[in-house]
Amino acid sequence: MRVPFARFKAPYAAPSSALAPTCANCATPLDVGQDWCLECGTAVPGRFGSGPGLRSSLGVVGVTLLLVIGAVAAAYAALSSDSRQATQTTASVPAQAPLTPDVAPTTVTPGTPAGVPVPNAAATAVPTAPKIPAATPTPTPSATAPVIPPAKATPTAPVTKPKTTPTTPKAATPVPSAPAAKSAKILLDTDAASTYNPYSLDPAGFGSPARATDGDPTTAWTYQLDPTTAGKTLVGLAINLKSAQKVRAITLATPTPGMTVEFYGATGPQPVSITDPAWLHIANRRNIKAQATVSLKATGKGFDYLLVWITHAPPGVTAGTVGVS
């Protein structure tokens, strides 16, 4: 007798911990039936695919972005449609504005039938205007004409005014004293004069410059002529005015009349050389008299120094002295 073959089926044994599945990406142990790695998010092979969890995340983000874009587009379409309706309604409003002036002119007064227009108040005022000029030609101007003769008595008032005006010029009589101030003389100190010797000639040939400003007409500053120069001189007398002053003329006295003199003025320190442009030429006089007043060029400038520059002795004089008093 044959015994039928019976398959032996071993009882189910729980898998050991050594065969527990692990994450293919980070090797983290996985539980039975776990679909995702809790550490890195990688899907278990054979479940949802072997790719990393980043792909699924990107898919979810993409779907979300599509939904957001669709919502924004729908909102924009709704707003644009509302703005168009608002512009259409506002554009139609001015068309109703002309209705107001049509109602205003129709006015009804009591005692008049309805629908009958009443004349405008401005039109009724027009016929009253011509009545005004009719009232103006009244004989009132003729009454004012006789009033003019009594006004002729008023000229008596101007007669008194000329009596008062002559008194004011009398009070102004001291004013003519001002021109006297313009011609006032400048009082020079005894040390105001000095010998101007830019070419360093022998000092022994010069007299004391104080004799030119001591107030004595018999004394003078002098210079001894050099016979070899044939009467030509290169010296002068400088006057220090102590401050910048405007000078209109110089009164000069000399014991040697007939010499040629040039006059210069300078502002600031005294120039060292006669050719210095700081010296401003203000006058020139030939054959000067024993006492002469020389008018200076009107420059409008104030001078600190004046220079009496002697260029030539009197004609024919080649020896002796020349001087300024």
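Select Cys 26: is this residue buried, partly exposed or exposed? Cys 26 is partly exposed, at 34% relative accessibility; buried means under 20% relative accessible area, exposed over 50%, and partly exposed in between, with a 1.4 Å probe and protein chains only.

Before moving on, keep in mind that this is a predicted model, where local features need pLDDT of at least 70, side-chain atom pairs count only at pLDDT 80 or more, and totals for chains, interfaces and linings use all residues. Residues are numbered from 1 along each chain as its sequence is written, and side-chain values use heavy atoms, with hydrogens and water left out.

A disulfide needs the two cysteine sulfur atoms within 2.5 Å, and the structure holds zero of them.

Next, pick Asp 191 and Lys 242. Their closest N and O atoms are 3.8 Å apart, making a salt bridge (a side-chain nitrogen of Lys or Arg within 4 Å of a carboxyl oxygen of Asp or Glu). Asp 191 is in the loop between helix H8 (177–182) and strand S1 (193–196), and Lys 242 is in strand S3 (residues 232–245), so the pair ties together parts 51 residues apart in sequence. Helices (H or I, at least four residues) and strands (E, at least two) are DSSP runs, numbered from the N terminus. Asp 191 is exposed at 52%, while Lys 242 is partly exposed at 48%. A search of the whole structure turns up one salt bridge.

Finally, zoom out: the protein has eight helices and nine strands, and 21% of its 325 residues count as buried.
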